[in-house]
Amino acid sequence: MDLKLLVKDLPRTELIYWTDSYTKSFESEVVRVAPDGRKKAYLVTKASAFHAKSGGQPSDTGKITTDSGVTLDVKKVMMLNEVVTHYGSVTEGDLVKIQAGTKVKGEINWIERYSAMRKHTAGHLFDYCLEVATGKPSKTVDSWLGEPCYVTYAGKTPDESAISKAVKLEIEGIRKGLLVRVEFVSYERMLEIARDAPNIARLPKSNLMRIVTIEGCRPIPCGGTHVRNTKEIGEFQFQKIEKTPDGEAFRVYFGVE
Ligand SMILES: [Zn+2]
């Protein structure tokens, strides 16, 4: 399926997790459906709480049921041109019973999502702690919040004492219960607030930008899902640090318990 064609002319999806990352279920309506054989389908809804695979965050999974008796087991979620597309298998009912306007209820698999939220927030906090520990701005190259979980930073690998200082600051930051605040701004305003953010070079441009600020840390433009308070991250476990093969960056592996 050509995703570009599928989302053509559709309005941007209302991202429920942008205003509330804790929404586990939601109601909306279908704006487009494209069957993939008889038992699989691509489904676009007006609003969605499902987070697509993007920005290092794995795709949410879950299910969408329609008021016409069809259940889609959502395996993958994609985002293109600000439109969220759910892809999955039909486990109940018949695809012909879904059309534009059909009312749906979505439910996301919360355990995996909450784990991603905790790791994601831990990663942002670590960007900041590393900056403080090394005295140099952190520039993230990429990240992955699944298994394994890591953030890759541009530059030379810091020495052991800087890393242990960053880990210590991270653990303190979690213990302090720092608040995580979200605000929405224009692209221009985002540049004023967050020009030095660690991920600035990797950001897709949009008219509506979301800024996430962990209390006391640098604001970060980010569309992902985060916890409200760093206490929720739980126990931060630094695993290892590895230089990338080209020697241009280093990767910090961690977990949360
Ligand atoms: Zn984020």
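This is a predicted model: local features need pLDDT of at least 70, side-chain atom pairs count only at pLDDT 80 or more; totals for chains, interfaces and linings use all residues.
Setting aside neighbours within four places in sequence, the contacts of K39 are G88, S89, V90 and G93. As for L145, that residue is 106 positions from K39 in sequence, and the two C-alpha atoms lie 30 Å apart in space.

Now for the metal. The zinc ion is held by four donor atoms: NE2 of H120, NE2 of H124, SG of C222 and NE2 of H226, with distances of 2.0 to 2.1 Å. Angles among these four donors run from 96 to 123°. Tetrahedral sites need all angles between 85 and 135 degrees, so the zinc site counts as tetrahedral. Read along the chain, the donors follow the pattern H-x3-H-x97-C-x3-H. H124 belongs to helix α3 (residues 110-134), while H226 is in the loop between β13 (220-221) and β14 (236-243), so this pair ties together parts that are 102 residues apart in sequence. Both H124 and H226 are buried.

Helix α3 also packs against another helix. Two packed helices are described by the angle between their axes and the distance between the axes. Here, the axes of α3 and α4 (residues 160-176) come within 8 Å of each other and cross at roughly 130°. That angle makes α3 oblique to α4. The crossing of α3 past α4 is right-handed. On the α3 side, the contact is made by A122, L125, F126, C129, L130, V132, A133 and T134. The α4 side brings in A162, I163, K165, A166, V167, L169, E170, G173 and I174.

What is the relative accessible area of F126? The value is 1%, so F126 is buried, the cut-off being under 20%. Not counting residues up to four places away in sequence, F126 touches Y153, A166, V167, E170, F236 and V252. Of these, A166, V167 and E170 are also listed on the α4 side of the helix contact.

Most residues other than glycine have a negative phi, and most peptide bonds are trans. Which peptide bond is cis? It is the one from E147 to P148, where omega is near -5°. P148 falls in the loop between β9 (140-144) and β10 (150-154).

For D9, phi is near 65°, a positive value in a residue other than glycine. D9 is in the loop between α1 (3-6) and β1 (14-15), and its relative accessible area of 71% makes D9 exposed. N81 has a positive phi too, near 50°, and again this is a residue other than glycine. The loop between β6 (71-80) and β7 (83-92) holds N81, which is exposed at 55% relative accessible area.

Methods
Residues are numbered from 1 along each chain as its sequence is written. Side-chain values use heavy atoms; hydrogens and water are left out. Donors are N, O and S atoms within 2.8 Å of the metal (3.2 Å for Na, K and Ca); water is not among the atoms, so sites may look incomplete. Four donors count as tetrahedral if all angles lie between 85 and 135 degrees; four count as square planar and six as octahedral if opposite donors are over 155 degrees apart and all others between 65 and 115; anything else is irregular. Helices (H or I, at least four residues) and strands (E, at least two) are DSSP runs, numbered from the N terminus. Buried means under 20% relative accessible area, exposed over 50%, partly exposed in between (1.4 Å probe, protein chains only). Axes are lines fitted to C-alpha atoms, for helices over the stretch in contact, and angles run from 0 to 180 degrees between N-to-C directions. Angles under 35 degrees count as roughly parallel, over 145 as roughly antiparallel, 65 to 115 as roughly perpendicular and the rest as oblique. A crossing is left-handed if the near helix is turned anticlockwise from the far one by less than a right angle, and right-handed if clockwise. Contact means heavy atoms within 4.5 Å.
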